[in-house]
Amino acid sequence: MDILERDEQIGICQLLHNALGKLKLIYLNPVNDDLLDPTGAYSIGDLLRQNISHLEHFYQAVDEIDSTEKRFLRESITNSQDDNGENQFSQWQFTKQCMEIKKLETNLADMEKIFENLHQERHERKQLEIACNRFVTKWEQIRREQLDQTLTIRAEEFCRDIALRETEVESGLRAAHRINDFYDWQLAKVETDISDWMDRFDREKEQVDFRSQRARAQIRRWNEMKKEIESMSEEITKLEQQEMEYVKDAEHKRMCQKYAVKLQAWWRGVMVRKGFGPFGKGKKKKSKGKKKATKTSKTRSKTPTKKVNK
């Protein structure tokens, strides 16, 4: 191994050893567990324990040389602590060591920045985990409250349904008893009505039989009277026909007699006007003919004439 590499390892080991010693001294303060973060997520004691564990792991990772070299490094670290920082090298080595120390300081600053970034990332992850835990706890509480409320509401609804069903069952049973009583009463009433109607049927049957017998007898009598009326109506129609014939004959005779008289009168008038026959010899004869005509008219007027109804 080169001297510079071994010196670098010695310097890093010294820095890590001193840092671990200081952190352990600070960790011995009993107030660290009471000092909490503003969010209340962790305390200073927890942070110191985590930093000490990280530095120890880093110290073990850097210290990868052989056991002989480790012993040499540890002896050099203890000797340097006993000698209170006395230089064991020459001036040339001292300048190199100073340059290496500066490099180590820059590396340490870079490591501190990396450590701060890691610490910030860890802090953010821790805050995120805390927020998630709080959210989960609040969500779980709210979910339990909602579940309790839903269960209470469902229990109340079930109780209401049970009460309604019980009231419905009670009302149904009461209605069934009332319906059975009504059916019994109705059946008894129907039986009494049937017996009354049967008695009435028997009574009315006898009356109807008697009335039907009377009606049959009356129908027979009416049929006989109808036959008599039909025969009488036939005779009346025959008599009416005969009467019509008689009336027609009488009317014909009357009309014939009337027109015969009119013809005789017309012919007599013609003979008188024209002077035919016995009316044409002289006036005396005419006067005699007039007297005879008056006599015949008087005799005709004395003979009674029968009036015939049309």
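## Salt bridges, core and pocket in a helical model

Arginine 143 and glutamate 140 join their side chains in a salt bridge, 2.5 Å from N to O; the term asks for a side-chain nitrogen of Lys or Arg within 4 Å of a carboxyl oxygen of Asp or Glu. This is a predicted model, in which local features need pLDDT of at least 70 and side-chain atom pairs count only at pLDDT 80 or more, while totals for chains, interfaces and linings use all residues. Residues are numbered from 1 along each chain as its sequence is written, and side-chain values use heavy atoms, leaving out hydrogens and water.

Let's begin with the overall layout. The protein has five helices and zero strands, where helices (H or I, at least four residues) and strands (E, at least two) are DSSP runs numbered from the N terminus. Of its 310 residues, 11% count as buried, meaning under 20% relative accessible area, with exposed over 50% and partly exposed in between (1.4 Å probe, protein chains only).

| Pair | N to O distance | Spacing in α4 |
|---|---|---|
| Arginine 200, glutamate 204 | 2.7 Å | four residues |
| Glutamate 251, arginine 254 | 2.5 Å | three residues |

Glu140 and Arg143 also belong to a salt-bridge network with Arg144.

Turning to the nonpolar side, the largest nonpolar core has eight residues: Cys13, Leu16, Leu20, Leu23, Leu48, Ile52, Leu55 and Tyr59. Such a core is a set of buried Ala, Val, Leu, Ile, Met, Phe, Trp, Tyr and Cys residues joined through side-chain atoms within 4.5 Å. Helices α1 (3-27) and α2 (44-62) each give two or more residues to this core.

The largest pocket has a volume of about 880 Å³; a pocket is an open set of points on a 1 Å grid where a 1.4 Å probe fits, with protein on both sides within 12 Å along at least five of seven lines, and lining residues have an atom within 4 Å of a point. Among its 28 lining residues, Leu55, Leu108, Met111, Glu112 and Phe115 are the closest to the centre. Helix α4 gives the most to this lining, with 15 residues.

Methionine 111 lies in α4 (residues 91-274) and is partly exposed, at 33% relative accessible area.

Definitions and conventions. Points joined across faces, edges and corners; volume = space filled by probe spheres on them.
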